[in-house]
Structures are given as structure tokens and as C-alpha cells.
Amino acid sequence: MLRQFSCTNFRNIQVENMELGRINLLIGPNNAGKSNLIRALSFCGNMISAGTSETTGFLSEVQRNGFSEMLKKGGKNSEIRMGWQIALKDQNVNYTLSFDTGKDQKDFRVTNESLDSVESLPECDHPFNFFRCHQEQAGTGRFSTALKMGQKNKRATAEVSQYETVLLQFDKLVIQNQELLEQPYIRETIFTMLEELRAYLRRFYSYSSSGFDFSAIRQLCSPQSDGAVLKKDGSNLVNLYERLCTEDKAFAKRFKQKMKSLIPDLTDIRVVKGLDKIGMQLVRQQGKFLLSEVSDGTIEALLLALLFSMPPGDSPSLLAIDEPEVNLHPAWQKLFARWVQTSGNIAQCFISTHSPDFLDEFTEGFLGGKVNLYVYDPIGKNSFRALDRERMEEALEGGWFLGDLYRVNDPAIGGWPW
């Protein structure tokens, strides 16, 4: 689980040690940086699956974000820094990544990368460092060889590319560098930890409602094994749905129940086949409808229902969605808010929104400490600040909802452009 996130100099984002819970909501006006925060938060997860034969995972993600637009306008230096505090199976770790920007993609390079424990040992005044790269000398990584924390910690050194992260080149480093290969702690403990970290980040999925390609989703498609996860444009919806139904019968039931809560007369959801193509068909009392015959809102609901119905082995470790309320009727927004809070297959959510109807349904969860809410802060040190529960308690316990306070532009919650 992601415990904290920090980011400096990325577009218009400045956050330091942003505390995250299981459900996290983000509100603010247009151009406040909500989408940019999700981009930053998702950088490592996207990077892990972004590599191609032509470039590295790091440079691919830089390109996807737009290398000429990544640096904060008016920034005092050219370095972007990001940090993720993640609870792994046996301990909490801080993974930090800093990189320099330039006029062209070839100028981008990692300037600092490190993995540290969060907690300091009783006999130490600082957290244990597993590795750090480029800090003392560009192109050089220094890796801990201590068999346990607290032991005298000699370092093994290795040449490390600045155009890829250690997160993605560590396996090759260990194989190619004899000094690393001969150290049991590096070969076993650090290797295992990085495997776990990559596995977590690999299932860190982010989507934007504006990024869904409804035209492509409506088209009949060729039956194929089209990826293990939903693509960012949603275009593999039907193929992924068919695969999940085949592999997990309970998935189809969960998915149908969610869609039936939105469309009460829905009786079945089918994959139809013909002429070497497949499509999805919604069976209702009033007739049968292919995706080419339904609204954008219905297709978006299908995409969200799929994400919140996925089997445990396929479900995200963290799901970030930018403005999921787009195209959804207010009544559907409220039902989707309940999915977020009751679906057990999503370990953690991060959602940006403009919708007061959507916010209303999180009032009880916010008061009970189960939902975190972050609001745009144009004058604070950080781009977004956590909404103070104690400050809001009187109004919310007095009958107001979060969406009500948003509608009237209460200064505590803000969110309006003026």
C-alpha cells in the first residue's frame, strides 16, 4: 500500500509527504494540477510496463508525459524529484527517483535513485539504505552488503546507466557484475525486495475518463489475448471481459450485479461472435443492444464496473482515476461512489473529481476516517492540502454533506475557480 507521496518540480505539482489511505479523493478547479498529480503518482507504475526495444522504461515514460512539458514553469532548477513510501510485506520502504530534464529526450537522465527503510534502527540515527545511485558520482551505484540492519555496512559498487532506473536494470546488473553477484545480501534480500516492489508497481493502474476511446470500444474486434489489464483507452474491454469470465466465474456475477444496480432491467451481458469478430451485447427487457447502440455513459460504466469487479490476481494494487463522473448520470455517480467504498478487490484508490453528487456519498466515510480528501491550495507550500476533519466535523454532523460544502464554495473545501 502506498503510504506517502512526494513530488517537486513536476509540471505544477509540489507535494511533500502526502499521507494516503485506502480511499483518497482530490478536488480543485480546472488547471489546479489534479491530472498532473495522478501522472506523477503513476510515473513508476507506468514506467515498469513502458519499455520498448527502442528505448528504456524510464525514457518511454518521459516521452509519454511529454518531455518538453514535464518541468515546472519558472522552476529554479531542472531536476524533478519524486518519492513513494510503500508498505511491502515485511517492511515499509522509501523509493526516491530524481531526474534532470533538458531540451530533448536524450538530455533526460536519472540523477538520484535510492531505496531506504522508513524506520530507523534503535542504534542508528537514520534509516537503513539498501542502495543509492548517481549521488556521489554519476553513473555509479552503491549497494548495501550488510546481512542485517545494524551490521557494519560495506558497499559494493557497479556502473549504472543514467537512462534507466535501477528498479528496471537491477537483474542485469547482478548478472553482469561479479561484485554484486558474490554478495548474498544483494543477490537475495535486495533482489527479492525489488521483485516485490516491481510487482506492486506493475499493478498500479491509472485512467482518465477523457482518455477512453469510445469509438474504438464500440467497434467489433478480433478475438485475442489482448493484455492482462484494461488499456488506458479501454479499447480491449470486450477481450478482457471474455478472458476474465472464462478464468473466474465469480467475476461475471460481480460485474453483472454492478451493472444491474445501474440498469435495473438488465438481464444479461453477452459476448457475441460473428465473421471472426466479437462484441459485447447488453440484454434488457426492451431488447438487445450492442455497444454501438449505447451511450458513452453506459460504456464508461462498463469500464468502471470491470475495474471494480476484477479477480484478486488481476486487480490493481492502486487504482487512480481522473474524473470518473464524466458522462455518468448523477444517480450513477452515487452508485459508483458506493462501489469505491464497498468493493473489496481494490486495495487502494486515488480519484480526482469535480462532482458534488459524487462527493456527497463519501461524507460518512470521511467523518469515520476511512476516506481522505485533498483540496487545492493555491497559496500553501503544497499544491494540495488534506481537509481537516475536526474543522469540518460540526458542519457535517449537523446535516451538511461534502458535496453541499463544495456547491456553496465553503472556503474550507474550496474547489471553485473563483
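Trainee: Let me start with a pairing: which residue is the bridge partner of Thr 96 in β6?

Mentor: Strands of a sheet pair through backbone hydrogen bonds, either parallel or antiparallel. Here Thr 96 has Ser 114 of β6 as its bridge partner. Before we go on, please keep in mind that this is a predicted model, where local features need pLDDT of at least 70, side-chain atom pairs count only at pLDDT 80 or more, and totals for chains, interfaces and linings use all residues. Residues are numbered from 1 along each chain as its sequence is written, and side-chain values use heavy atoms, with hydrogens and water left out.

Trainee: How many bridges join β5 to β6, and do the two run parallel or antiparallel?

Mentor: Strand β5 (residues 92-100) and strand β6 (residues 109-120) run antiparallel and are joined by eight bridges. Strands count as paired if DSSP finds at least two bridges between them; strands (E, at least two residues) and helices (H or I, at least four) are DSSP runs, numbered from the N terminus. On to β7 (residues 127-133): β6 pairs with this strand in the antiparallel sense, over five bridges. There Ser 114 stands opposite Arg 132 of β7.

Trainee: What is the strand order in the open sheet of six strands?

Mentor: The order is β10-β14-β15-β3-β16-β17, and the pairing is mixed. At the edges are β10 (204-208) and β17 (384-386), each pairing on one side only. From one strand to the next, the twist averages 20°, with axes fitted as lines to C-alpha atoms (for helices over the stretch in contact) and angles running from 0 to 180 degrees between N-to-C directions. Within β14, Ala 320 is the bridge partner of Ser 206.

Trainee: What is Met 259 in contact with?

Mentor: Leaving aside neighbours within four places in sequence, Met 259 contacts (heavy atoms within 4.5 Å) Leu 266, Ile 269, Thr 298, Ala 301, Leu 302 and Ala 305.

Trainee: Why does Lys 256 count as partly exposed?

Mentor: Lys 256 counts as partly exposed because its relative accessibility is 30%; buried means under 20% relative accessible area, exposed over 50%, and partly exposed in between (1.4 Å probe, protein chains only). Lys 256 lies in helix α9 (residues 249-262) and touches Thr 267, Asp 268 and Ile 269, not counting residues up to four places away in sequence.

Trainee: How many aromatic pairs are there?

Mentor: Rings of Phe, Tyr and Trp (its six-membered ring) pair if their centres lie within 6.5 Å; planes under 30 degrees apart are stacked, over 60 edge-to-face, and the rest tilted. By this rule there are 22 aromatic pairs. One of them is the edge-to-face pair of Tyr 200 and Phe 204, at 6.5 Å centre to centre with 80° between the planes. Tyr 200 is buried at 11% relative accessibility, and Phe 204 is buried at 2%.

Trainee: Why is the pair of Phe 336 and Trp 339 edge-to-face?

Mentor: Their planes are at 80° and their ring centres 5.9 Å apart, so the pair is edge-to-face. Because they are three residues apart in helix α11 (residues 330-342), about one helical turn separates them.

Trainee: Last one: where does the charged end of Arg 389 sit?

Mentor: It sits over the ring of Phe 366, 5.0 Å from the centre; the rule asks for NZ of Lys or CZ of Arg within 6 Å of the ring centre and within 35 degrees of the ring normal. Likewise, Lys 232 lies over the face of Tyr 207, at 5.8 Å from the ring centre.
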